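Colleague: I have some questions about this model. Please put it up, and we can go through it residue by residue.

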Amino acid sequence: MNEVEPEPAVDATCSRAGCRAQAGWRIDWRNPRIHAEDRRKTWVACDEHVGYLRDFLSARDFPVWVAPLVPTETAR
């Protein structure tokens, strides 16, 4: 019997404008001026752009959380 790992249901593509690379990072953030404490938005990023996107959000004083993107999250 040949076992094959299932493919993710959705390809997660980097959120950086113009980038079509596979995302490997999850960036959760919120704008405290318009979002309640429990409201967060999520961007995904490739290895090349995770720092850029994190810094972009941090420069605006947005709370930012970065974590690896796990395969099951891409299907959400």
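Colleague: Is Asp 61 buried or exposed?

Modeller: This is a predicted model, where local features need pLDDT of at least 70, side-chain atom pairs count only at pLDDT 80 or more, and totals for chains, interfaces and linings use all residues. Numbering starts from 1 along each chain as its sequence is written, and side-chain values use heavy atoms, leaving out hydrogens and water. Buried means under 20% relative accessible area, exposed over 50%, and partly exposed in between (1.4 Å probe, protein chains only). Asp 61 has 63% relative accessibility, so it counts as exposed.

Colleague: Where is the place of Asp 61?

Modeller: Helices (H or I, at least four residues) and strands (E, at least two) are DSSP runs, numbered from the N terminus. Asp 61 is not a glycine, yet has a positive phi of about 60 degrees. Its place is the loop between helix H1 (50-58) and strand E3 (64-68).

Colleague: Is His 35 buried or exposed?

Modeller: His 35 sits in the loop between strand E1 (25-29) and strand E2 (41-45). Leaving aside neighbours within four places in sequence, His 35 is in contact (heavy atoms within 4.5 Å) with Trp 29, Arg 30 and Lys 41. Its relative accessibility is 12%, so His 35 counts as buried.

Colleague: Which elements do the buried residues of H1 pack against?

Modeller: Val 50, Leu 53 and Leu 57 are buried in H1. Seen down the helix axis, the buried residues fall within an arc of 75 degrees (taken from the directions from the axis to the C-beta atoms), so they line one face of H1. They pack against E1, E2 and E3.
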